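Dear colleague,

Please find the structure below, with its sequence. My notes on the findings follow it.

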Amino acid sequence: MLVSGSNLPIPAARPVIGEAEIEAAVRVLRSGLVIQGPEVAAFEEEFSELVGGRTCVAVNSGTSALQLSLMALGIGPGDEVVVPSFSFAATANAVRLVGAEPVFADITPETYCLDPAAVSAAVGPRTAALIPVHLYGHPAAMDRLMPLAERHGLAVVEDACQAHGAALHGLPVGTFGRAGCFSFYPTKNMHALEGGMITTADHQLARTLRLLRNQGMEQRYENEIVGANLRMTDVAAAVGRVQLTQLPAWTEQRRANAKVLDSRIEGLSAPHVADGARHVYHQYTVAVPDGRRDAVRQELAAEGIGSAVYYPTPIHRLTPFRDPAGPPLPETERAAASVLSLPVHPALGPGDLERIARAVSIAGGVR
């Protein structure tokens, strides 16, 4: 039985590719300037306004942004990097890709972001860096993590891939660490078909990043260092520029949708928002207790309402990272067993939100 008059399915996420994005892509294709040209430069300059004027370096994915940031900071073999296990595998993959070793720390149960006390316990003599993840669009506790990193001399690389426009105490994510990394995958709050952006206040670091993304050269055939080909295309940048103009309105719509769900869903707690945090709701994530998550998902699916689990298997239990001697991560395990993300994207209308709230409340045990 559907909970409203409509029987159209409500997807968990809905990427936007409108006429403006199509026209921008066609314009670039017709220009013949398609690889790291004027569109990329313009996108970097415009994205800088989102991160307090920091220098921006565009790359081909969020994973590349993380990897190049670590490379540019000199993180490599023999180093350890503290990361959350409750994240997408890319966070730890980037560490391994530069030859360093991820060390997993637990999260806080309220925000699902790194617990500063757990990070402090995870720091050892080989720890060189810290990657806090602003998960689901909620900023990590940077006001506590940055002083901790400074005490231990750790480089901080922010994984802001899910948090475009999020902030803590008025400061945008991507402006706390030596580098901030954003993703433009199609299901993010804004996209560029695919792509990533690195933000930094360090001009020398920015230059190193530009060398690393382009075979180690600024001038053609004048290679200065060993680099890779991780450039952004101008087609992607053109799409990203269009999306960036829409991001403020889309963000406010996500926040408004979350507020409606907060007030309407019964039986499950709304996502926590820490004091001073600006949550941009890449995901609207609730916890379903008592092992009932799969049953709730099935009931929602029967009502035509999409949902998703981010992430059912913590990174430390994935085959490439499994370590029987690793520290216990009880909050990470609890989160992986209970989290459920509901639709919150800007395409939702009032009727959709009502359907979601009613169906979740019924599936969650409220009759």
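I begin with the second largest pocket, which is lined by 13 residues, and Phe104, Phe321, Asp323, Gly326 and Pro327 are those nearest its centre. The model is predicted, and local features need pLDDT of at least 70, side-chain atom pairs count only at pLDDT 80 or more, while totals for chains, interfaces and linings use all residues. Residues are numbered from 1 along each chain as its sequence is written, and side-chain values use heavy atoms, with hydrogens and water left out.

On a 1 Å grid over the protein atoms alone, a pocket is an open set of points with protein on both sides within 12 Å along at least five of seven lines, a cavity is a set of points where a 1.4 Å probe fits but cannot get out, and lining residues have an atom within 4 Å of a point. Grid points are joined across faces, edges and corners, and a volume is the space filled by probe spheres set on the points.

The second largest pocket has a volume of about 270 Å³. Strand E3 (residues 101-105) provides the largest share of its lining, four residues; helices (H or I, at least four residues) and strands (E, at least two) are DSSP runs numbered from the N terminus. The lining of this pocket comprises seven nonpolar, two polar and four charged residues. Here Ala, Val, Leu, Ile, Met, Phe, Trp, Tyr, Cys and Pro count as nonpolar, Asp, Glu, Lys and Arg as charged, and the others, Gly among them, as polar.

The largest pocket holds about 470 Å³ of space. It is lined by 23 residues, and the closest to its centre are Phe88, Ser183, Tyr185, Lys188 and Tyr311. Helix H3 (62-72) and helix H4 (90-97) are the elements that give two or more residues to this lining, and H3 gives the most, with three residues. By type, the lining of the largest pocket has 10 nonpolar, 10 polar and three charged residues.

A search of the whole structure finds one cavity of 30 Å³ or more. The largest cavity contains about 60 Å³ of space. Among the residues that line it are Glu110, Tyr112, His138, His272 and His279, and its lining divides into four nonpolar, six polar and one charged.

Turning to the helices, H1 (residues 19-31) has 13 residues and reaches 18 Å from its first C-alpha to its last, close to the 18 Å expected at 1.5 Å a residue; the expected span is 1.5 Å times one less than the number of residues. Glu21, Ala24, Ala25 and Val28 of H1 are buried. Seen down the axis of H1, these buried residues fall within an arc of 95°, so they line one face of the helix; the arc is that of the directions from the helix axis to the C-beta atoms. Glu19, Glu23 and Arg30 are exposed on the face of H1 turned away from the buried side. Buried means under 20% relative accessible area, exposed over 50%, and partly exposed in between (1.4 Å probe, protein chains only). Helix H2 (38-47) and helix H8 (234-264) are among what covers the buried residues of H1. Just after H1, Gly32 takes a positive phi of about 80°.

Finally, Arg178 lies in the loop between strand E7 (171-172) and strand E8 (179-183). Arg178 is partly exposed, with a relative accessible area of 39%. Leaving aside neighbours within four places in sequence, the contacts of Arg178 (heavy atoms within 4.5 Å) include Arg54, Leu73, Thr200 and Asp202.

With kind regards
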